[in-house]
Amino acid sequence: MNPLTAIDFYKADHRRQYPAGTEYVYSNFTPRSSRLAPVLEGFDDRVVFVGLQGYIKRFLIDTWNENFFNQPKEKVVAKYKRRMDTSLGEGAIPVDHIEALHDLGYLPLEIKALPEGSRVNIKVPMFTIVNTLPEFYWLTNYLETSLSAEIWKICTTATVAYEYKRLLNDYAQKTGAPMEFVPLQGHDFSFRGMSGMMDAAQSGMGHLTSFIGTDTVAAIDYAEDYYNAQGVIGVSVPATEHSVMCMGTQEGEIDTFRRLITELYPRGVVSIVSDTWDFWQVISCYARELKQTILDREEDALGLAKVVFRPDSGDPVKIIAGDPEAEPGSPEYKGAVECLWDIFGGDITDKGYKMLNPRVGLIYGDSITLKKAQAILKVMEEKGFASSNIVLGVGGFTYQYLTRDSFGFAMKATWGQVNGEGREIFKDPITDSGTKKSARGLLRVEKTENGFELFDQQTPEQEKQGELKTVFKNGSLVIEHSLMEIRERLKD
């Protein structure tokens, strides 16, 4: 990626559009609204802040150094000029400012941010950005496009993941399910449904702020590379797909199950897709026939020996918890969790709910949303089953059905300096509902009993106070957070 052209075209000439004598541009990045957010009832209008550090390391430092500052000036300037000339017209964009930046050798910017892993109130800035040298006033908002594109998604994903965790925690407490299972209960299935590999890695990192269950391997790499992740970052289990089951033929399906659980995976956890043909035959007949084989499997080093059945189509509530309109007593009427209970039994939690024998389990990951997840858990509770009987595969249907407007993310300038005079600037469109109304002037954020609170129109001395701390200055990362610290902040 050429960092000079990671912009919208209109950014290229804003330098000349600012008033003559402009010296500083001060902007902020803020979630403005939750009106379009895919959140649960009870959402308290706070958004998880994460992703800035990854952007700083990968783009502001690595990309700018490798593809701009460490390249010959003539080469990068000529490439930029050609792009501008061919698209906007010969000589439309002067390049002297680009030459001056290359000569400087670093990005003259200061970014002040809240701690990553904070849950930030709507309309409160997560970070601010300002140029540190007056001749580079144009650079602050030149970066808006890349800042927005790289950060809104991971914040949104992390917020939605937090809501899944909150939901699963609530039902674990209601039904007496083990709380330590919750970090495994939301499993990231989203990679193939995302807008490219980096999107999957970054979004998957958002998921990892609340869970450790993931099939997005690249998200673990991202967490290690940019968030110093150590220890248990993300875990998964051996699992089949439909091609495996199909290749074994429909007539040999039970033999495929038997080979998987006795020869390939005689111990530990294995997940087997079970609806390639007749899920109800698998969950009621094959499961019964294989009962002793399943019970006889060896435990792994963690003491686990579970066969997980994975339905992958149909109405998840009915598949898992039963269809009241089906023939009474049929597998369809009972649902998968009751079918397994009838065969394998289990324990009763201290809250009086049924928890399946630890040798079997269920995972469902087809088009899961927060509302569907809530519906599944609610019906299971009504039928007397603990929430830990199901793992939810959270995929692209959750993490790709999001936009920048889900939480109204925007980067806006609120202060500038022209010819030595500070100016408090703002926008307040008369045609808008109030969502787009911006703060004014220099900003300060304080932590209160109600979360984070914004104070605008601050003096330079006041702006230096509060919870926004310098994390990047003049090309260098100043404060660094780890994934473990972020998870700790999100424990509440």
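With which side chain does the side chain of K57 make a polar contact? The partner is the side chain of E480, at 2.3 Å. A polar contact here is a pair of N or O atoms within 3.5 Å; within protein, one must be able to donate a hydrogen and the other to accept it, and residues adjacent in sequence count only if both atoms are side-chain atoms.

Before going on, the ground rules. This is a predicted model, in which local features need pLDDT of at least 70 and side-chain atom pairs count only at pLDDT 80 or more, while totals for chains, interfaces and linings use all residues. Residues are numbered from 1 along each chain as its sequence is written, and side-chain values use heavy atoms, with hydrogens and water left out.

Back to K57. This lysine is in helix α2; helices (H or I, at least four residues) and strands (E, at least two) are DSSP runs, numbered from the N terminus. K57 is buried, at a relative accessible area of 14%. Buried means under 20% relative accessible area, exposed over 50%, and partly exposed in between, with a 1.4 Å probe and protein chains only. Setting aside residues up to four places away in sequence, K57 touches D62, D225, Y226, N228, L477 and E480, where contact means heavy atoms within 4.5 Å.

Now the whole chain. It has 492 residues, and 53% of them count as buried. The secondary structure comes to 20 helices and 18 strands. Along its principal axes the C-alpha trace spans about 80 × 50 × 40 Å. Of the contacts between residues at least 6 apart in sequence, 76% join residues at least 24 apart.

The buried ones are A336, V337, C339, L340, W341, I343 and F344. After α16 comes G345, with a positive phi near 65 degrees.

Next, the annotation. UniProt, in an unreviewed entry, places the feature "binding site" at R192, H242 and R310. UniProt positions are given in the numbering used here, feature names are shortened, and annotations may be inferred rather than shown by experiment.

Take two of those positions. Is R310 buried or exposed? R310 is buried, with a relative accessible area of 13%, and it sits in strand β8, residues 307-310. Apart from neighbours within four places in sequence, R310 is in contact with F189, T240, E241, S271, I272, V273, S274, D275 and I363. H242 is partly exposed, at 26%, and belongs to helix α10, residues 242-247. Beyond residues up to four places away in sequence, H242 touches V273, D275, T276 and D312. V273 and D275 are therefore on the contact lists of both H242 and R310.

On a 1 Å grid over the protein atoms alone, a cavity is a set of points where a 1.4 Å probe fits but cannot get out; a pocket is an open set with protein on both sides within 12 Å along at least five of seven lines; lining residues have an atom within 4 Å of a point. Grid points are joined across faces, edges and corners, and a volume is the space filled by probe spheres set on the points.

How many cavities of 30 Å³ or more does the search find? There are two in the whole structure. The largest has a volume of about 70 Å³, and its lining is K11, A12, H14, R15, Y18, H97, W138, N141 and Y142. The elements giving two or more residues to that lining are α1 (14-17) and α5 (139-142).

The second largest cavity has a volume of about 50 Å³. Helix α2, residues 52-69, gives the most to its lining, with three residues. L477, one of the residues touching K57, also lines this cavity.

The second largest pocket has a volume of about 340 Å³. Its lining has 21 residues, of which Y18, V25, N141, A413 and I425 lie nearest the centre. Strand β13 provides the largest share, seven residues. Y18 and N141 also line the largest cavity.
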